[in-house]
Amino acid sequence: RHDRARVPSTMSKEPYTLTPTGDAGQIWSKRPDVQKDGLISVVRSGVTRTAIASAAWTRNADSVATVDTRGNVYVFHIRKNRYQLLAREGDEGTSVCVNDTQVFAGFVTGVIKVLDMDKSGDTVVATLKGHRSRVTHMELSPGNDFLLSTSNDAALLWDLTSGTYTKKNLSGGAYGCVQARFSGKNADSAVVAFHDESVWQFSVKSGSLTQKLQAPDLGARSPAKGQAPLCQSIAISSNGRYVVTAGGSPLLFVWDTKEGVILHAVELPGSVKTACDVELMAGSDSSGENDSASLFVAVACDDGAVRVVDVMNGFVSHTMVLPENNQDKQTMAEGLAVEPSGRYAAVTLGKGQMRLYDVHVARAQRASGHPLKLTILTDVPGFKKGANPPAVPLEHGCDENVTPNRPGFGLAPGTKPRLGKGRRGPFPGTASAPPASAFVGAKFDLPKPLSAE
């Protein structure tokens, strides 16, 4: 069949590029040479007209799992230099997460499949049902005890220790969910962002709502009708205090959950119109409780670059530019996955490609014009004013249909956001990429390149 046609690996001119051509095989024929921009390897989809929808790392960065738009679930075992095809589900894959033994793959149907990496034959060990629309994001707790999955209709917390995969609904209000992540050093909280730009915090143990942060009216900086919401992705500091939101504007918003306010917004460079994804750079933020602490996040931008940004001090420390032939949305970054230690990153592109980076090597190179100072916005009405509602403890917060206090910001109550064909549905980037930056060696030793065993 034409939709199963394999792309010959000989078509690629890059020696570090892999195109899977079977159910299992070797990733590299020889040890890859890490490029000076940190690029380790490129993985292309083995099926024509198929994009890699999502990627996720194991906690020790030994493996990276992917799901594509044909429902193919792959695991690339970096240390073992092997890859394996776990499943061909047929339905469009939309999200994935992984631990040392299992892969959790979400699909456009709202179903989540649990796959066993060590099982031969049928690798599906469980099918989780609860979402009514595409699964847009999934995340495992540090102890692998809980799975947090997000779709437009709900954020669900699954208990993986129960044996029956019991779930709690962390949603509420009239607006759809954008993304949910675990928060705090012990992952005792879950933060859920909604399409009205509000951020709610829930207790993982009880599932009850503990805090609701309502976004202030941004006036002229609010998205126009038909534009992407301001929040499409979130990152949370390791101490759980700060939440960084990114989406349909060139602004990164920094929330202080302790004070219940937006501290400020950081404006990305002029070539950026929207941010596709944001991820915390682990180990980069201070455990202190003051505003001046450094908090680095990696941001996939619609101009074809991934930027490492200190959102507390407002500067870009490094820019990783994707291929120079980025001229349309098919070659733009659609997703970003950074492994827990912050060493490796996987960037998914719309044209069916995943690029693996050694972030330490990338940040060891000093690009011209960096660090690049950014504008920090603090004069927007509502910032640091304490105007947000205080914590709202509800006995059954996850089941309450609470209408946000400020209707008119974002979507109208009761309406669902328009979803397109991007990784999370709405609004993939369309801008062209900037030219590649010039790199100069930094003054500290580079980490050793990844070896194929």
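Mentor: We will go through the pocket, the strands, the salt bridges and the cysteines in turn. This is a predicted model, in which local features need pLDDT of at least 70 and side-chain atom pairs count only at pLDDT 80 or more, while totals for chains, interfaces and linings use all residues. Residues are numbered from 1 along each chain as its sequence is written, and side-chain values use heavy atoms, with hydrogens and water left out.

Trainee: What is the volume of the largest pocket?

Mentor: Rolling a probe the size of a water molecule over the atoms shows where empty space is left. On a 1 Å grid over the protein atoms alone, a pocket is an open set of points where a 1.4 Å probe fits, with protein on both sides within 12 Å along at least five of seven lines. Points are joined across faces, edges and corners, and the volume is the space filled by probe spheres set on them. Here the largest pocket has a volume of about 940 Å³.

Trainee: Which residues that line the largest pocket are the closest to its centre?

Mentor: Lining residues have an atom within 4 Å of a point. There are 41 of them, and Arg59, Glu139, Arg181, Glu279 and Val338 are the closest to the centre. Elements that give two or more residues to this lining include strand E16 (177–183), strand E24 (275–280) and strand E28 (333–338). Strands are DSSP runs of at least two residues, numbered from the N terminus. By class, the lining has 21 nonpolar, 11 polar and nine charged residues. Ala, Val, Leu, Ile, Met, Phe, Trp, Tyr, Cys and Pro count as nonpolar, Asp, Glu, Lys and Arg as charged, and the others, Gly among them, as polar.

Trainee: In what order do the five strands of the open sheet run?

Mentor: Two strands pair if DSSP finds at least two bridges between them. The order is E1-E3-E30-E29-E28, with mixed pairing. Strand E1 (17–18) and E28 are the edge strands, each pairing on one side only. E28 pairs with E29 in the antiparallel sense over five bridges.

Trainee: How many salt bridges does the structure hold?

Mentor: Side chains of opposite charge can pair when their charged atoms come close. The cut-off puts a side-chain nitrogen of Lys or Arg within 4 Å of a carboxyl oxygen of Asp or Glu. The structure holds eight such bridges. One of them joins Arg181 and Glu279 (3.2 Å, N to O). Arg181 lies in strand E16 and Glu279 in strand E24, so this pair ties together parts 98 residues apart in sequence. Glu139 is linked with both in a network of salt bridges.

Trainee: Are Arg181 and Glu279 buried or exposed?

Mentor: Buried means under 20% relative accessible area, exposed over 50%, and partly exposed in between (1.4 Å probe, protein chains only). Both Arg181 and Glu279 are buried. Another salt bridge joins Arg88 and Asp23 (3.0 Å, N to O). Arg88 is partly exposed at 39%, as is Asp23 at 45%.

Trainee: How many disulfides does the structure hold?

Mentor: A disulfide is a pair of cysteine sulfur atoms within 2.5 Å. The structure holds zero. The sulfur of Cys301 has its closest cysteine sulfur in Cys276, at 7.4 Å, which is too far for a bond. Cys301 is buried, with a relative accessible area of 0%.

Technical notes: Helix = DSSP H or I, 4+ residues; strand = E, 2+ residues; numbered from the N terminus.
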